[in-house]
Amino acid sequence: MSKSKLTVVVGSKNPVKVNAAQVPIQRLYPDHDVVCEGIDAPSLVADQPMTDAETRLGAVNRVEYCQTNHDADFYVAIEGGVDNFVDGPATFAYIVIAHRGLQSVGRTAQLPLPHMIYQALVAGEELGHVMDRLFNTDNIKQKGGAIALLTQHQASRGSIYEQGCLLAMAPFINAPLYQG
């Protein structure tokens, strides 16, 4: 007997983000074939979002674009950003997932950033480019990200995004608890 298909549109072609959406959805729906497609979806925010609010807005904008322009069971957007919190600068991501007219917004854990890196971002650089320069890597944002480099590869951008996607799926897999 063939499995039924679940389609997922991710608001980015970055393989880290596409995989981070596919892996937890496949785990949650093991009786389905999960087909995940990344598309170019505009965030309508800066390439390097510099506040919590701007990062969240970028993810919301991406998921809304996906919903407007594609037909799927799930729509996923992941927007990485930075902010200078009371405890210092950090990087994190917002995850927005839409399914059947409902939207769930989640957020990853945050990674503290060295002040020198944050200052380069304030000056207009993107985090991936700063990390590539400091660690002599190439296109780290489509690999382990700053998270991998700053944790000695004990965590990665993908692992944190997967966890965030899994958490953002809770309202869909436990719908009766979230209604009302």
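Analyst: A residue counts as buried when its relative accessible area is under 20%, and as exposed when that area is over 50%. The model is a predicted one. T55 is found in helix α2, residues 52-69. Its relative accessible area is 0%, so T55 is buried. Beyond its neighbours within four places in sequence, T55 is in contact with P49, E79, G80, G81, V82, F92 and Y94.

The residues nearest the centre of the largest pocket are K17, G80, K141, R157 and Y161, from a lining of 37 residues. Two or more lining residues come from each of β3 (74-85), β4 (88-99), α4 (127-135), α5 (145-150) and α6 (157-168). Of the elements, β3 gives the most, with four residues. The space in the largest pocket amounts to about 630 Å³. By type, its lining holds 15 nonpolar, 13 polar and nine charged residues.

Helix α6 can be taken next. R157 and Y161, named above for their place by the pocket centre, are both among the buried residues of α6.

V96 counts as buried because its relative accessibility is 0%. Setting aside neighbours within four places in sequence, its contacts are A59, V60, V63, Y75, V76, A77, Q103, S104 and V105. One of these, A77, lies 19 residues away along the chain, yet the C-alpha atoms of V96 and A77 are separated by 5.2 Å.

Helix α3, residues 115-122, has I117, Y118, A120 and L121 buried. These residues lie on the same side of α3, because they cover an arc of only 155 degrees around the axis. A helix has 3.6 residues a turn, so residues three or four places apart point the same way. H115 and M116 are exposed on the other side of α3. The buried residues of α3 pack against β3, β4 and α4, and each of these elements also gives two or more residues to the lining of the largest pocket. After α3 comes G124, with a positive phi near 115 degrees.

Two residues other than glycine also have a positive phi. Most residues other than glycine have a negative phi. N139 has a phi of about 55 degrees and sits in the loop between α4 and α5. N139 counts as partly exposed, because its relative accessibility is 31%. L44 has a phi of about 60 degrees and is found in the loop between β2 (32-38) and α2. With a relative accessibility of 68%, L44 counts as exposed.

There is also a second largest pocket, with a volume of about 170 Å³. Its lining is made of L6, Y29, H32, D73, F74, H99, R100, L102, P171, F172 and A175. Seven of these residues are nonpolar, two polar and two charged.

Notes:
Residues numbered from 1 in each chain as written. Predicted model: local features only at pLDDT ≥ 70, side-chain atom pairs only at ≥ 80, totals over all residues. Heavy atoms only, no water. 1 Å grid on protein atoms, 1.4 Å probe; cavity = no way out; pocket = protein on both sides within 12 Å on 5 of 7 lines; lining within 4 Å. Points joined across faces, edges and corners; volume = space filled by probe spheres on them. Nonpolar A, V, L, I, M, F, W, Y, C, P; charged D, E, K, R; others polar. Buried < 20%, exposed > 50% of the residue type's maximum accessible area, 1.4 Å probe, protein only. Contact = heavy atoms within 4.5 Å. Arc of directions from axis to C-beta.
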